[in-house]
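Subject: Structure for your review

Hello,

Here is the structure you will be working with. My notes on it follow below.

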Amino acid sequence: MRRILILTEYDGTHFAGLQRQRPGLRTVQGELERVLPEIGALPKAVAAGRTDAGVHALAMPFHFDLPGKIPTEKIPEALNRLLPEDLKVLSAREVAQDFHARKDALWRAYRYRLLLRPHPSPLLRHRALWVRRPLDLAALRAALAHLPGRHNFLGFAAGEVREGVRELYEARLEEVEGELGPELHLLFRGQSFLRGQVRGMVGTLLEVGLGKRPPESLRRILETADRRLAGPSAPPQGLYFLEARYPEDKLLPKT
């Protein structure tokens, strides 16, 4: 029995989210678990995190167990022949028997894309959030500075029942000249994230950038954990799961 770590890329537009849900709902986990037995694997895949409907991923880790003899390097090609066009495997490697894609993650990173131009883009309507008005970048950076550290992030979460204290290692802004116009990327890296936390932070930051609230208001949200003080959640289409990092001793040497 081998434990395999794969990295997946997917377009979340037509998925009801990552996690398996009730019958009839199309999910990333459901599509992956549907095809795993066809390569000799057990039909259970565990992800590093979760994404909501409409959210994308550039390198979402999953682990699964493989009693079959297929060579590890052949797994991406074998799975990709079976998977739909909006979900593909980028790489596969063998990991320690006790490796866990969610529990062993040291950190996870997300990016939110904002398209800044006078008119919306039909090509990016499922890939980035269009913002018509100019944003105050200085105010955005001042607001972002309040987020890193260990805080109670329930004030930004949605539908969360877990305890809210998390550690955010990085929150920053990047200006990017995109193919279809200038973009702003909001990047967040943390130990773990609450449900809806990133979209809640982005929606609140957008209000700062549009002059609807001061940057200092984010400190009050962190102090009180009161969701009513934050802005609305940003739409899902601009959000991407970027990557997760694991301890080296859990990753077996690549062959």
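**Phe-193 and the aromatic pairs**

Phe-193 has a relative accessibility of 11%, so it counts as buried. Please keep in mind that this is a predicted model. The ring of Phe-193 lies with its centre 5.1 Å from that of Tyr-110, and the two planes are at 80°, so the pair is edge-to-face. Distant parts of the chain are linked by this pair: Tyr-110 belongs to strand E5, Phe-193 to the loop between E9 and helix H4 (197-209), and 83 residues separate them. Tyr-110 is also buried, because its relative accessibility is 7% and the cut-off is under 20%. Phe-241 joins Tyr-110 and Phe-193 in a cluster linked by ring pairs.

The count of aromatic pairs comes to four. Another of them is Tyr-10 with Phe-15, where the centres are 6.2 Å apart and the planes at 75°, so this pair is edge-to-face. Both Tyr-10 and Phe-15 are buried.

Two arginines are placed over rings. Arg-26 has its charged end over the ring of Phe-15, at 4.1 Å from the ring centre. Arg-189 has its charged end over the ring of Trp-107, at 5.1 Å from the ring centre.

**Strand E5**

- With strand E10 (residues 239-245), E5 runs antiparallel and is joined by six bridges. Arg-108 is opposite Ala-244 in E10.
- With strand E9 (residues 181-190), E5 is again antiparallel, over eight bridges. Here Arg-113 is opposite His-185.
- With strand E6 (residues 129-131), E5 runs parallel and is joined by three bridges. Leu-114 is opposite Leu-129 in E6.

The largest pocket holds about 590 Å³ of space. Its lining has 28 residues, and those nearest the centre are Ala-48, Gly-49, Arg-50, Arg-162 and Phe-193. Strand E2 (46-47), E5 and H4 are the elements that give two or more residues to this lining. H4 gives the most, with three residues. By class, the lining of the largest pocket has twelve nonpolar, eight polar and eight charged residues.

The second largest pocket has a volume of about 260 Å³. It is lined by 15 residues, and Leu-5, Leu-7, Arg-93, Ala-244 and Tyr-246 are the closest to its centre. Ala-244 is the residue already mentioned as standing opposite Arg-108. At least two lining residues come from each of strand E1 (2-10), strand E3 (56-66), strand E4 (87-95) and E10. The lining of the second largest pocket divides into nine nonpolar residues, one polar and five charged.

**One backbone point**

Ala-225 has a positive phi of about 55°, although it is not a glycine. This residue is in the loop between helix H5 (217-224) and E10.

Regards

Technical notes. Residues numbered from 1 in each chain as written. Predicted model: local features only at pLDDT ≥ 70, side-chain atom pairs only at ≥ 80, totals over all residues. Heavy atoms only, no water. Pairing = 2+ DSSP bridges. Helix = DSSP H or I, 4+ residues; strand = E, 2+ residues; numbered from the N terminus. Phe/Tyr/Trp six-rings, centres within 6.5 Å; stacked < 30°, edge-to-face > 60°. Buried < 20%, exposed > 50% of the residue type's maximum accessible area, 1.4 Å probe, protein only. Lys NZ or Arg CZ within 6 Å of the ring centre and 35° of its normal. 1 Å grid on protein atoms, 1.4 Å probe; cavity = no way out; pocket = protein on both sides within 12 Å on 5 of 7 lines; lining within 4 Å. Points joined across faces, edges and corners; volume = space filled by probe spheres on them. Nonpolar A, V, L, I, M, F, W, Y, C, P; charged D, E, K, R; others polar.
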